[in-house]
Amino acid sequence: MRGEASRIADRVSRDSLAPKLREARDLAWRIGNELFTITNVLDHNIRLERALTDPSRPVADKVAVLNRLIGDQAHEMTMEILTDLVGRRWSRVSDIANAVEDFAVDGMMYYADATDATLQVSIELADLRSALLNLPVVRSDLSDERVPAEARIKLLFALIGEDANLNKVTMRLAEHATCNPRNRRYLSTLHWLINKFSRHMGESMVTVTTAAPLNQGQIDRLIAIYTKKVGRPVHINSTVDPTVIGGMRIEIGDEVTDNTVVAQLEQLQRKVKAGTRP
């Protein structure tokens, strides 16, 4: 959890620079990628984090460190963001990497906006999360930092499939979650990203899994129910899983409501094993 100083630094910096990052449009892709790279560098170099967050060190010295680190290689907006961040106070040295990652995701969202792909990316991230729900071993392997990043990325592509027609923003975010887990579980990272995209769109994502596709009337009813429940517009992400027998599984945020026949049978089986009456 971030301290108050870090929360303020992150919020004020992003509020002040968000308009410029949004205006970068297609270039936001490059900026976001550069910031993901810097996040990874910071996460694996505590001395660098300390050098960039030391409150007793002049900002000019910190900027000089940045120049030695990235020089003319990075986009000027990337450098502007980092310069702004090193000029602020942080509760913990590692919090600056969190802020850089926040900016990186913002860059990806603004690129998705510029290419009319924001909703598509949000849906694809939700689909990936749903696909991993019943694959605990795969999820663990994807975020196991004892395994080389290259091997984890190879597993990700094997999971998604070579022919998957995913948006490149979805792929980049999934790769970031894989190559730099940042001490998070894989589903937690996907959940965080989905929530960021949902807030960005002003909607909540509701993923509904059924054995057969929902018709428009069912989707409209679910929209009405969950819009009232969460107090803001929702988008229904309808996914089909032939293994689902009757009912539906609904995911919204951390809440999962599983009314499928399989889930009810499993619940009954647990009660029988526990010696309780159904």
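Trainee: Which helix does Ala5 lie in?
Mentor: Ala5 sits in helix H1, which covers residues 4-23. Keep in mind that we're looking at a predicted model.
Trainee: Is Ala5 buried, exposed or partly exposed?
Mentor: Partly exposed, because its relative accessibility is 34%, and that class falls between the 20% and 50% cut-offs.
Trainee: What is Ala5 in contact with, leaving aside neighbours within four places in sequence?
Mentor: Arg89, Trp90 and Ser91. Take Trp90: it is 85 residues away from Ala5 in sequence, yet C-alpha to C-alpha they're 5.5 Å apart in space.
Trainee: Okay, new topic. Where does Arg182 lie?
Mentor: In the loop between helix H10 (168-179) and helix H11 (186-201). Arg182 isn't a glycine, but its phi is positive, about 60 degrees.
Trainee: And what about phi of Asn183?
Mentor: Also a positive value in a residue other than glycine, near 60 degrees. Asn183 lies in the loop between H10 and H11 too.
Trainee: Buried or exposed, for Arg182? And for Asn183, buried or exposed?
Mentor: Arg182 is buried, because its relative accessible area is 13%, and anything under 20% gets that label. Asn183 is exposed, because its relative accessible area is 75%, and the cut-off there is over 50%.
Trainee: Since H10 came up, how do the axes of H7 and H10 cross?
Mentor: At roughly 45 degrees, with the axes coming within 9 Å; H7 is residues 118-132. That angle makes H7 oblique to H10. As for handedness, H7 passes H10 in a right-handed crossing.
Trainee: Which residues make the contact?
Mentor: From H7 you've got Val121, Glu124, Leu125 and Leu128, and from H10 there are Val169, Thr170, Leu173 and Ala174.
Trainee: How many of those in the contact of H7 with H10 are nonpolar, polar or charged?
Mentor: Six are nonpolar, one is polar and one is charged.
Trainee: Let's switch to strands. In which sense do E1 and E2 pair?
Mentor: Parallel, over seven bridges, with E1 covering residues 204-210.
Trainee: Last one: how many residues of E2 are buried?
Mentor: Five of its seven, so the strand, residues 234-240, is mostly covered, with buried meaning under 20% relative accessible area.

How values were computed. Residues numbered from 1 in each chain as written. Predicted model: local features only at pLDDT ≥ 70, side-chain atom pairs only at ≥ 80, totals over all residues. Heavy atoms only, no water. Helix = DSSP H or I, 4+ residues; strand = E, 2+ residues; numbered from the N terminus. Buried < 20%, exposed > 50% of the residue type's maximum accessible area, 1.4 Å probe, protein only. Contact = heavy atoms within 4.5 Å. Axes fitted to C-alpha atoms, helices over the stretch in contact; angles between N-to-C directions. Parallel < 35°, antiparallel > 145°, perpendicular 65-115°, else oblique. Left-handed = near helix turned anticlockwise from the far one by under 90°. Nonpolar A, V, L, I, M, F, W, Y, C, P; charged D, E, K, R; others polar. Pairing = 2+ DSSP bridges.
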